[in-house]
Amino acid sequence: MNIYISDFHAAIQYSFQGYVCQMLHYLYGYRVLGLERDKKNINRAFTRQKKLYPDSLTKVKYTHCDVTCDSADVIESILQQEFPDVTDVCLIGLHACGDLSTSASRIFCKMKSVKLFILISCCYHKLLISKSVQEKQYFQNFPTSNCLRETIVAYNFDIGQVLRIPFLRLACQESVDKWHGMSQEKHNEHSFYVLARAVLELYSRQNNYVLNKKVRKGTRKSQCSNFQTYVKDSLLRYDLVPDTDKTDNVITHEEMAKGITRVWEEQSTRLQAVEIYTGLQMMLQLPAESFILQDRLCWLHEQGLEAIIVPVMNKCISPRSYAIVSHKY
């Protein structure tokens, strides 16, 4: 989770290992307050700072803070403690995950010292669900704006059927720009990854297993050579845990590998279809993300604030390439 506060003269920033904090200070001389809820990240950033940037110790500060929509007073207190003379502050949410984007927007509205707000959101699918009814999902902070809420009511539209986690996850995907520029070799590699992972999931469901990652990244490039290598490596990096309510069977890795390979042989003719669906998914990504960002932009306008959406990054470098920028007079 990430927040920076900077002083255009000082800054508050939500993001760690502290790289952006140091960059803001190095390039512009800003004083920067980095807020982070994970104390381990704070310790790593501070250790790095002492080693590489000891001259910044009085200008760049890292502080523990579990940021919520009610954190304005707490952050204001921390800011005054670290930089007592600060008056004009920029609040930056870099890759503000899930509900943190909404919290940052509300904090911006409440903090008098914060004059400028820069928000780059991410992980829309991690928004908190306030209610779930069968296949329907309703989020605590989406929609945000009265404009969208009133439109939904006016048309009697049940958003729980459509604007669910799959829609929000779609908005997080890479853009069509990167997919369009891929070589045939990369397209083939992507098809293999997607279908192989789908086969692993399909086998698990067919045999009443729950698929759990033992490591942060379940798939590696080295697995791409052939499906046998993929299965062997996957069984080291995933646990297939029996669903005790449905099965008591415990089988060896060798038996699992044979079963997974059989499923692959049945499904491998679908490799080309994977890229067709991927292309459709990526063409829908931008409208989905735009829908979410426009809702957040509209909320800021409803608070009487000027705000715009600005492209800040090449989409091929980072799929989260748009920032909402707002300021107070």
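## Salt bridges, a pocket and a buried alanine

At 40% relative accessibility, Lys186 falls in the partly exposed class. Keep in mind that you're looking at a predicted model. Lys186 is a handy way in, as its side chain forms a salt bridge with the side chain of Glu189. A search through the whole structure turns up eleven salt bridges.

- Side chains of opposite charge can pair up when their charged atoms come close.
- For Lys186 and Glu189, the N to O distance is 3.9 Å.
- These two sit three residues apart in helix H8 (residues 184-206), so about one helical turn separates them.
- Glu189 is partly exposed too, with a relative accessible area of 23%.
- Further along, Arg205 and Glu201 make a salt bridge with an N to O distance of 3.2 Å.
- Arg205 and Glu201 are also both in H8, this time four residues apart, or about one turn of the helix.
- Arg205 is exposed, at 63% relative accessible area, while Glu201 is partly exposed, at 25%.

- Glu254 and Lys258 bring their side chains together in a salt bridge of 3.8 Å, N to O.
- They're four residues apart in helix H10 (residues 253-267), which means about one helical turn lies between them.
- Glu254 counts as exposed, because its relative accessibility of 55% is over the 50% cut-off.
- Some salt bridges share partners: Arg197, Glu201 and Arg205 are joined into one network this way.

**The second largest pocket**

- This pocket has a volume of about 420 Å³.
- Its lining is made of 21 residues, and Val20, Ile92, Leu94, Ile118 and Ile120 are the ones nearest the centre.
- Helix H1 (19-28) and strands E5 (89-97), E6 (114-122) and E12 (322-327) each give two or more residues to that lining.
- E5 gives the most, with five residues.
- What kinds of residues line the pocket? There are 16 nonpolar, four polar and one charged.

**Ala72, a buried residue**

- Ala72 belongs to helix H3 (residues 72-82).
- Ala72 is buried, because its relative accessible area of 6% is under the 20% cut-off.
- Leaving aside residues up to four places away in sequence, Ala72 touches Ile107, Lys110 and Met111.
- Ala72 and Met111 are 39 residues apart along the chain, yet their C-alpha atoms are separated by 5.9 Å.

Conventions. Residues are numbered from 1 along each chain as its sequence is written. This is a predicted model: local features need pLDDT of at least 70, side-chain atom pairs count only at pLDDT 80 or more; totals for chains, interfaces and linings use all residues. Side-chain values use heavy atoms; hydrogens and water are left out. On a 1 Å grid over the protein atoms alone, a cavity is a set of points where a 1.4 Å probe fits but cannot get out, and a pocket is an open set with protein on both sides within 12 Å along at least five of seven lines; lining residues have an atom within 4 Å of a point. Grid points are joined across faces, edges and corners, and a volume is the space filled by probe spheres set on the points. Ala, Val, Leu, Ile, Met, Phe, Trp, Tyr, Cys and Pro count as nonpolar, Asp, Glu, Lys and Arg as charged, and the others, Gly among them, as polar. Buried means under 20% relative accessible area, exposed over 50%, partly exposed in between (1.4 Å probe, protein chains only). Contact means heavy atoms within 4.5 Å. A salt bridge is a side-chain nitrogen of Lys or Arg within 4 Å of a carboxyl oxygen of Asp or Glu.
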